[in-house]
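Colleague: I'd like to learn how to read a model like this one, feature by feature. Can we go through it together?

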Amino acid sequence: MRRYAPASVESVLDGILAEPSFAGGVVHHEVIPPRPALTAPLPDWLDPRIQRGLTSRGITELYVHQAAAIEAVRASQDVVVVTPTASGKTLCYALPTLQALADDPAARALFLFPTKALGQDQVAEFAELARAAGLSVSAATYDGDTPAPVRSAIRTAGQVVVTNPDMLHAAILPHHTKWFQLFEQLRVIVIDELHTYRGVFGSHVANVLRRLLRLCAHYGSHPIIVCCSATIGNPAELAATLTGRPATLVDRNGAPSSQRHVLLVEPPLLDPATGARGSALGVADRWALPFLRAGRQTIVFGRSRTAVEILLTGLREALREGAGPRSRIRGYRGGYLPTERRAIERGLRDGEVLGVVSTNALELGVDIGRLDVAILAGYPGSVAATWQQLGRAGRRQGVSVGVLVASASPVDRYVVGHPEYLLDGAPEEARLDPDNLHVLLAHLKAATFELPFEPGERFGPSSADDLLAFLAEEGHVRQAGDERWYWSSENFPASEVSLRTAAQENVVIIDTTRDRPRVIGEVDLFSAQTLVHEDAIYLHESIQFHVDRLDWDERKAYVRRVDVDHYTQADRAVTLKPLDVFAEAARTGGRRVHGEVMIASLATIYKKLKFVTNENIGWGRIHLPEIELQTTAAWLVVGPETADVRPGGTWRRDELDIALLGAGRAIQAVASVLLMVDPRDLGLVTQVRSPHHEAPTIYLYEAVPGGVGLSERLYERTDELLDGAAGLIAGCACEGGCPMCTGPRLEPDVDAKALALRLLRALGADRTVGPRVTAGGPE
Amino acid sequence: MTEPGALRLGRRLADLRRQRDRTAVARSAPDPPGTEPTIHLRAGSVRAELAQRGEELARRLAEAVDGEWIHGSSGGYVRIDRPSTLLPLDRERLGRLPDGAPPGVPLICLDTETTGLATGTGTVAFLVGLGTWTGDRFQQVQLLLPDHAEEPALLDALAAAIPPEAWLVTYNGRGFDWPLLVARYRMSRRAPPEHGGHLDLLPFVRRIFRHRLTDARLRTVEIELLGMDRGPDVDGWQIPGHYLDFLRGGSAAPLVGVVRHNHEDVRSLARLLAHAESHLGDSLDRRTAPVGDQAGLARAYRRLGRSEEALDCLDGALESGPDRRILARSWTAILTTRADAPDERTRPSTHDRDALLADRARLLRRLGRHDEALAAWRDLALGGGHRAGVGWIEVAKVLEHRRRDPAGALEACDRASRLAERARFIGSRLPELEADLVRRRRRLSRKIAAAPIRRPTANRPLQERQDGVVAATA
């Protein structure tokens, strides 16, 4: 018999941990003690109206990070505030903005949010603050949904313009003369969710900001930039790279928190030979049930729409058997109507909705109040996102619980195997390269369209003349009689650039589900080979699409919405040739190198893999031409003394082959964690005898033309990568290698694990760095 | 440890250039014509050479288009003056048209040619054509930009040509030409010239003449409305290319055609004004205009709140009787247009008699002439056309809210219901009408049941209730 009696979070948790089937999976259990608030008084220079407004909302003092942030802005410093979830970040930028508007109603501010939905929620909160202060402030979102008549009103009279980088890039900057009131009086620029501006997107946005600041200079304004970031390893560096200006770091969090339990869980090992484990989704549901039955508000995060459906079905089934509160469990994801979403959010706030299963749609911004328990079915891809999801649980008083259930991937295994990464500070870095030449040139064109370049004027790291001369050879710009560079083409350069992809030649993805086809996204050519080949299942906003046709010459992929239980994974055959070496250094057992490479990639076959179990249920061939990609890479060359494959040498050639691949896969997984990237964005090539170095080599290359600065950091952090990889492999519970460490086992009699570890140790890896994972397996 | 950003960037650029050149050689593509040599040197001679190149552009341009190079401290531009032509315009009559400029103010016809069709700060107006009247004579002048660098001079000259009280006359100038020029002034940190008003003839043409034109392009207006043909002309989409080619060192010859094109456009603005004024400029003249023109004019007046004039236009249109041509076309249109693919050109005309009657009834209501409005709705309803149902509902509204005659209103609803039933019988349902009737009948029945029977006062002046009740239920 099941019991459905309300119970406290603590007693439910105690009950769970008393059961061996649960407790056995817990890799780490951390109890974070409650923390009191650290506060500072409201500064006396703050406008009395704003002070009264704050007081009327019950805010009589500030948290120390809020106080530090607004003091820095007052001292005309750019600032980057590191804010854990629900620490009151809005005040950090709202107060300086309100103060500027109180001083001078002609002042303007620009708020940038990475997505539309986020901007709309924040503008509501800001408007409430302004109202409380009795300041009449016109704050409005300007995005693709803004109706035309409202647009012109915002242009002339909007004091606070809330938008996203894509809109700034394509709709505001190229039409800056219509926005002259904004640019002339711009005092504050707010960049929220700073940590999302990384990789290709970040590189683009850095250039959009270069254009923005260039226009501000033209109109004579000198705005202060306030950035807010989730906890990452390099917030100040990220802010400086993104904005091109140094920023004061504010990272002493003053917000209080109640006691919270964080548990890292691995599904049970089913078969030591293959390393197969139980499903993360099933385990997540099992953890959620006792809390739901006890009436504790619980959120479960799944990584895809399908995962959400499976989790939701599982929970409802289980609760139906025992007549539990089934109807109070809701799903939440992209694709739901706004009204449905608002209803669920409201239900969560007032307690009517007991449990919600969501994609990362609920990770950011959206106000759903604070819940008791957050359960993550799978690592969401970054430590920052993990904390944003875990942060959904945590009331002002009482105890909250966060559970991260690892799914069957080396990345997940690595993370739960390193609790200190999650708990003691973030090792992950957000990287971007604003000087990626493809990205830089695209934005230089847009910048010239916006305003002619003076001779010798800088754009990015140096004077733009050489780059402009290059563009002139292509006919895009010309140097006129006054020596300035002018846009001299009929095209509208901003419309040729999407901030979400690197190269200009993209495959456009067209949804033909409805009568009227519509474009839902684009991918660069290199990714298109493996993401939108014919019969691929393409995921967009957690929705599955089947690729019906790929017109390679026209660069168009026609897709249709489907609901299937599998996804596809394509293999590519890659040949790699080093072109140039930027940096090189000797290390134990060989050398590490950072440089430029040419990749020739041919997509070969794809596999259909079942969700949850990753079971292979079919395959097909891909017929697409080979394409070349020039990009940056970091590589490890194994020295001849370390690996001698001559007859009678230290290694057998076939064993070395397996060792290189196994070690490479583990390094790739660790690298994707450290640099906050999707493992797919880092390509792996191993060569037993590299034609270039005439030695065994492991290459990690960036799957983006020109790279975005990842490989440079991989080169610098080689030690950590090797140590992490060795720890990952050694700690795995499988017998001789599995998809969660060295990759799928190809030959049953070969111990890929031992081989990879032998190689890594020969290269100086120290697997004692970082705690080992003990899940009852060998080693 | 790693090399500085600028250095690496330079190397990447060199790589990219090599890569491009390799592809270019592989394709053995010829150089684009007249590509201006890029100056890589950063020496003092560059400035002189660039300046010289600018001067040469101006001379070549002036020579090709037979204009005068006018240059001063803020740069130079090429000015083309043409002899004036006789093109009388009656300003009194023009002033009476909807949005027509008041008689006293100067008019400036204006049209630009630009380096691109996208509005945005990188698009430049390289040619501005202007036309003004002195008495009955129309005088045209064109300002032409010889080089990007000279734009301030052209903008100054343009500002000097526009007196602050003048009205601009353009074709799509509100949406394109003028905002683009305003952007140019803002770019060079100058105030855009003030002007008294702006008569954009594109919306005017759409409202009044569009029903009998293939499309609303100025060229079509010339042929189908003004009955003239300007002869060979350069296509609009080619214009930016011709100019940019010239800037890159190409020939100035194609710009002669561009200048002629712009000249014709400005002239057509003047002709169009004269045409509109002479055909529609007073109540008597417009009675001979096509019914569609009069109906469009009525709508234009109504939009501006000039209801009396709108009513006069409608009366005129109804007097002129049905316009055979339009009716004939609308039938073909109905037969050839698929419901799911409405095509602008084959859209059924809405200027049938019933539409005019309905428009007229609405106007009467707005003017507070409710008795006449009631009569007009009743006419429409009794006519039995496809708007009869609407007519009965409107009759019901007046009876219920103005005449306080719920019984009469209910009877009107009955008539409407019969029409709706008949429509349903032949398979064309009128769901909105039916829904409206259900609500209305329920309310009327309630009123009749609740209120003591009261005889409606036959000639009760209805103007006293102008509180918007009718408008609210409309």
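Modeller: Helices (H or I, at least four residues) and strands (E, at least two) are DSSP runs, numbered from the N terminus. This is a predicted model, where local features need pLDDT of at least 70, side-chain atom pairs count only at pLDDT 80 or more, and totals for chains, interfaces and linings use all residues. Residues are numbered from 1 along each chain as its sequence is written, while chains are lettered from A and ligands numbered from 1 in the order in which they are written.

Colleague: Which residues of helix α1 of chain A are buried?

Modeller: In α1(A), residues 9-17, they are A:Val9, A:Val12, A:Leu13 and A:Ile16. Those four span an arc of only 95 degrees around the axis, so they sit on the same side of α1(A); the arc is that of the directions from the helix axis to the C-beta atoms. Turned away from that buried side, A:Ser11 and A:Asp14 are exposed.

Colleague: What do the buried residues of α1(A) pack against?

Modeller: Their partners in chain A are α2 (20-23), β11 (260-265), α12 (280-293), β17 (373-377) and β18 (400-405).

Colleague: And which residues are buried in helix α3 of chain A?

Modeller: For α3(A), residues 48-56, the answer is A:Ile50, A:Gly53 and A:Leu54. Down the axis, the buried residues of α3(A) fall within an arc of 100 degrees, so they line one face of the helix. The face turned away carries A:Pro48, A:Thr55 and A:Ser56, which are exposed. After α3(A) comes A:Gly58, with a positive phi near 85 degrees.

Colleague: Zooming out, how many helices and strands does chain A have?

Modeller: Chain A has 24 helices and 33 strands. Buried residues make up 55% of its 779 residues. Of the contacts in chain A with a separation of 6 or more, 72% join residues 24 or more positions apart.

Colleague: On to the interface: how many residues does the contact take from chain B and from chain A?

Modeller: Chain B gives 40 residues and chain A gives 35. On the chain B side, α1 (5-27), α2 (44-65), α5 (173-187) and α8 (239-247) each supply at least two residues. α1(B) gives the most, with 8 residues.

Colleague: Last one: which strands does β7 of chain B pair with?

Modeller: Strands pair if DSSP finds at least two bridges between them. β7(B), residues 167-170, pairs in the parallel sense with β4(B), residues 107-114, over 3 bridges, and B:Cys109 stands opposite B:Val169 there. β7(B) also pairs in the parallel sense with β8(B), residues 197-200, over 4 bridges, where B:Leu168 stands opposite B:His198.

Technical notes:
Buried ≥ 20, exposed ≤ 12 C-beta atoms within 10 Å, placed from the backbone. Contact = placed C-beta atoms within 7 Å.
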